[in-house]
Amino acid sequence: ERDGFLAHTQPWALVPLELKSAGTILYATLDMIRIVTILAHPIIPEATQKIWEQLGQSGRIADFRLDRLEWRDLKPGTKIGKPEAVFPRVDKKELSERIEAMEQEIRNPGGSSTSDAAKDAQKVTSASTAGGSTSLGTGAQAAPAVPVVTPTSGKISIEDFAKVELRVGEVKSAERIQGADKLLKLLVDIGDETRQVLAGIALAYAPEQLIGRKVVIVANLAPRKMRGLESNGMLLAASVGAEGKPVLCTFAEDIAPGAKVK
């Protein structure tokens, strides 16, 4: 249990009547931290070096020999360094945006010669590129069936394209997701079932604008969890303008949900 030893012994409750007992508990705690820091150094070298210095230890922790590691080897009276956060708390919203940016960079690295069609099939966030190129609204990640084109070919075969199942969907409901400025949670009727799809179009569309709208959905992508919710599909959208505003692909004619897009 995290902090279980201190929570059980409560050295703060022993002050000032039992200073010796409180000191013994705090010494054992610091010595335990020292040993764990040494053992964890190969995995998290920078953080453990900072903890090592905060424990008042000199030199590099990497130079400590494990065959000399012993309990109660922390010298009494060692001056402890200034406590500082080694693992600062990360803002969840900022972390999510950073992860999305890293995923986007992986999907669309600079200078890649992958064809536009393959890029479209692999993107999971809408409005990721400037200009009028076609992209995909946020949904599930691409399944292994989505073609991956080698830089040398630059094109895909009709057999590869046929692996992507595009269907007409009708938006039955739409709502915002708390803590996610860009995402909307949609329920989309695709004929034989209704899918929950998370789409990164909240900055371009209000939820009430989407009810009843016919959209194009990539129906054979593996489900993906985002913000604790499952997204089971991906919406097609165009990326327009320098800011990459998403514009959903739709139809002028009345088409029944579930119709295949070829």
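Two strands are taken as paired if DSSP finds at least two bridges between them. Helices (H or I, at least four residues) and strands (E, at least two) are DSSP runs, numbered from the N terminus. The model is predicted: local features need pLDDT of at least 70, side-chain atom pairs count only at pLDDT 80 or more, and totals for chains, interfaces and linings use all residues. Residues are numbered from 1 along each chain as its sequence is written, and side-chain values use heavy atoms, with hydrogens and water left out.

Strand β5 spans residues 214–218. Of its 5 residues, 5 are buried (under 20% relative accessible area; exposed is over 50%, partly exposed in between; 1.4 Å probe, protein chains only). Lys 214, Val 216 and Val 218 point one way from β5. Val 215 and Ile 217 point the other way. Strand β2 (residues 166–177) runs antiparallel to β5, and 5 bridges join the two. Gly 169 has Val 215 of β5 as its bridge partner.

β5 also pairs with strand β8 (residues 234–240). This pairing is antiparallel and covers 2 bridges. Ile 217 is bridged to Leu 235 in β8. Val 218 stands opposite Met 234 in β8. In β8, 5 of the 7 residues are buried, so the strand is largely enclosed by the rest of the structure.

β8 in turn is joined to β9 by 4 bridges, and these strands run antiparallel. Here Val 240 has Lys 245 of β9 as its bridge partner. The hairpin of β8 and β9 has 4 residues between the strands. Within this hairpin, Gly 241 takes a positive phi near 80°.

Pro 257 lies in the loop between β9 (245–248) and β10 (260–261). With a relative accessible area of 23%, Pro 257 is partly exposed. Its contacts (heavy atoms within 4.5 Å), not counting residues up to four places away in sequence, are Val 168, Glu 170, Asp 189, Ile 190, Gly 191 and Lys 214. The C-alpha atoms of Pro 257 and Thr 194 are separated by 9.9 Å. These two residues are 63 residues apart along the chain.

Trp 52 lies in helix α3 (residues 45–54) and Phe 64 in the loop between α3 and α4 (92–107), so the pair ties together parts 12 residues apart in sequence. Trp 52 is buried, at 4% relative accessible area. Phe 64 is partly exposed, at 24%.

A nonpolar surface patch is formed by Phe 5, Met 32, Val 36 and Trp 71. Patch residues have over 30% relative accessible area and no salt bridge; like charges are joined within 9 Å, nonpolar side chains (Val, Leu, Ile, Met, Phe, Trp, Tyr) within 5 Å. A salt bridge is a side-chain nitrogen of Lys or Arg within 4 Å of a carboxyl oxygen of Asp or Glu. Together the four residues have about 430 Å² of accessible area, by the Shrake-Rupley method with a 1.4 Å probe, where for residues only the protein chains shown count as cover. Phe 5 sits in helix α1 (residues 4–9). Phe 5 counts as partly exposed, at 37% relative accessibility.
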